[in-house]
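Let's walk through this structure together, one step at a time.

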Amino acid sequence: MAVTAESPAARPHSDAWGRLRRDGASMAGAACLAALVLIAIFAPLVAPQDPIRVAMRERLQTPSRAHWLGTDQFGRDILSRIVYGTRVSLTVGLIAVGIGLGLGATLGLVAGFSRRLDYPIIAVMDVLLSFPQILLAIAIVAALGPGIFNAMIAVGIGAVPGFTRITRSSTLSIRERDYVEAARALGATSGRIIRRHVLPNAAAPLIVISTLSMAGAILAAAILSFLGLGARPPMAEWGAMAAEGRGLIAQYPHVATFPSLAIFVVVLAFNLLGDGLRDALDPQLED
Amino acid sequence: MRVYIARRLLLTVPTILGTSLLVFLILHLVPGDPASVIAGPTAPADVVANIRTQLGLDQPILVQYWRYLSSALHGDLGRSILSRRQVSDEVAGAFLNTLELVIAARVWSLLIGIPIGVLAAARRRSIFDKLSMVTALLGLSLPIFWIGLMAMWLFAVKLGWLPISGRGGPIWTGAGLLHLVLPALTLGGVQVPALARLTRSSLLEALSQDYVRTARAKGLAERLVVAKHALKNAMLPVVTVIGLQFAGLLGGAVVTETIFSWPGLGRLAVTAILTRDFPIVQGTILVSAVTFVTINLLTDFLYAVLDPRIKYT
């Protein structure tokens, strides 16, 4: 017999979409992100020059018609490097949040459904939460070795406890609802209950946290690269580019400033969209 | 209250044990043989063997962890592979410097962040409210290293008001104090937006409560309604976030210390990772994590003191 107990989240979020569309700030964030995604995809067409082409005769030029954002200490075009850096930052954010969400949501579901595994999972998460996130990422990079790939893993693992706790608390609350009880009485298995009821209802907070975590992950990965623990030269990564401009700050502040502003724009866009999504999906949270 | 404190203290023990286990495992997560990684690819076999013995890597892993834990409890965190100094000595000096920086940053961020949040809530929908909240949102998205670099460029390079980097000496000397300003300004500045936003939303919620309506109804001046009635209750979530923000401060200290060459834990950790000095890496991360756990514990105690409803739960 088909189990048809209806859960509230099974209905489309048309109200939420309407609220989100009316929020100018989050729409601006979404438009900005759409533009950044296009820039990342079409980087070879958008970038005026090769991002790793060294031209020592053109080194440390301030913004001009030839180089809109100037050049760095190797004469590389900063705008082109920022354009290519969009690819790196968005990929890092997506993979890191993917790791956090995938592992965190799975562990949260297991903890919420299994009384036996709940305590051990939460105990491990508490230990991970006892590290400030960037220090946890640094600890993981310390073990795995510096590099952009390891930085992504480190930032992703750092995000796991947050996702686990959110999913667990949603699961604990949803599994006590009447419609879940009804589904269980109709013979639904735990797997079906998770797929049909828990996941759709836990989706809203997870979407919000994922969007806001993208901002945090991109910032954390840029920090790791700035510290020399993430992307290595000559990769066009914004944090690493800012680090290269650190020693030049007195005379050539533009070298560190433009990549930092690129980080600012993408992080702000994710924050605006995340705030808007939170208000749209859960209007009670709006102040 | 005593029961609550005792229970909370007991709950900290497994967290600290887990933390020490994770820090211990850093060395064992290194791909390949940690001794060879530390010694480098061209090191002779006897050097690798020496490092293995020195780090106790030739022992069973449980024995290694037990030795690590019991030594750490006695204040012995091993020796730096590079300087051969006791890790505890190197970490202790750096810890005090980080503490100095974090406390200075915390104090100034509270002095700025809370009044901005209170004013924004008290004058809701005013120009000040809108401007401060937009600035806070923008500030939340700025990378800390850029704030640091810009502060350095403006106040040290362009205006020449403050020293560019380093620690000038003890905090009670003029040079020490001057050297502290820029790193503390950077580290605290990053915390201000979140603090202001939270104070505002928390105070707005308190201002919508019945007891505030009652206070207004009996003719109390708005200033007193905010200061005496709403603010005290609004401060409860703010206290929790002040505690949680120490994570951000300890994390941000890593970047700030690197930019301003401040000889603290964060800079020590980053240098140690790049030079593969694992005992130092373990020592710095363990001390940072234990500090954070302790701060969380103190925050919970403070919360219980401020909110009598928590005492008997």
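In chain B of this predicted model, 69% of the contacts between residues at least 6 apart in sequence join residues at least 24 apart. What kinds of elements does chain B contain? There are twelve helices and zero strands, and reading along the sequence gives the pattern α-α-α-α-α-α-α-α-α-α-α-α. Taken along the principal axes, the C-alpha atoms of chain B fill a box of roughly 85 × 55 × 35 Å. Chain B has 313 residues, and 38% of them are buried.

Now turn to chain A. Its elements are eleven helices and zero strands, arranged along the sequence as α-α-α-α-α-α-α-α-α-α-α. The C-alpha trace of chain A spans about 75 × 45 × 35 Å along its principal axes. Of the 287 residues in chain A, 49% are buried. Among the contacts in chain A with a separation of 6 or more, 71% come from residues 24 or more positions apart.

Let's stay in chain B for a moment and look at one pair of helices. Two packed helices are described by the angle between their axes and the distance between the axes. Helix H5 of chain B covers residues 87-122 and helix H12 of chain B covers residues 278-306; these two pack at an angle of about 45°, with their axes 10 Å apart. Because of that angle, H5(B) is oblique to H12(B). The crossing of H5(B) past H12(B) is right-handed. Which residues meet here? From H5(B) come Val87(B), Ser88(B), Glu90(B), Val91(B) and Phe95(B), and they meet Pro279(B), Ile280(B), Gly283(B), Thr284(B) and Val287(B) of H12(B). Sorted by type, the residues of this contact are six nonpolar, three polar and one charged.

Next, see where the two chains touch. Here 36 residues of chain A are in contact with 40 residues of chain B. On the chain A side, at least two residues each are supplied by helix H5 (115-129), helix H6 (133-144), helix H9 (190-226), helix H10 (238-246) and helix H11 (254-281). The largest share of this side, nine residues, comes from H6(A). By type, the chain A side divides into 27 nonpolar, six polar and three charged residues.

What about the nonpolar cores? The largest one has 137 residues, and Ile138(A), Ile218(A) and Ala221(A) touch the most other members. H9(A) gives the largest share of this core, 16 residues. A second, separate core has 21 residues, among them Ala120(B), Ala121(B), Val192(B) and Leu198(B).

Finally, find Leu219(A), which sits in helix H9 of chain A.

Notes:
Residues are numbered from 1 along each chain as its sequence is written. Chains are lettered from A and ligands numbered from 1 in the order in which they are written. This is a predicted model: local features need pLDDT of at least 70, side-chain atom pairs count only at pLDDT 80 or more; totals for chains, interfaces and linings use all residues. Helices (H or I, at least four residues) and strands (E, at least two) are DSSP runs, numbered from the N terminus. A residue is buried if 20 or more other C-beta atoms lie within 10 Å of its own, exposed if 12 or fewer, and partly exposed in between; C-beta atoms are placed from the backbone. Two residues are in contact if their C-beta atoms, placed from the backbone, lie within 7 Å. Ala, Val, Leu, Ile, Met, Phe, Trp, Tyr, Cys and Pro count as nonpolar, Asp, Glu, Lys and Arg as charged, and the others, Gly among them, as polar. A nonpolar core is a set of buried Ala, Val, Leu, Ile, Met, Phe, Trp, Tyr and Cys residues joined through C-beta atoms within 7 Å. Axes are lines fitted to C-alpha atoms, for helices over the stretch in contact, and angles run from 0 to 180 degrees between N-to-C directions. Angles under 35 degrees count as roughly parallel, over 145 as roughly antiparallel, 65 to 115 as roughly perpendicular and the rest as oblique. A crossing is left-handed if the near helix is turned anticlockwise from the far one by less than a right angle, and right-handed if clockwise.
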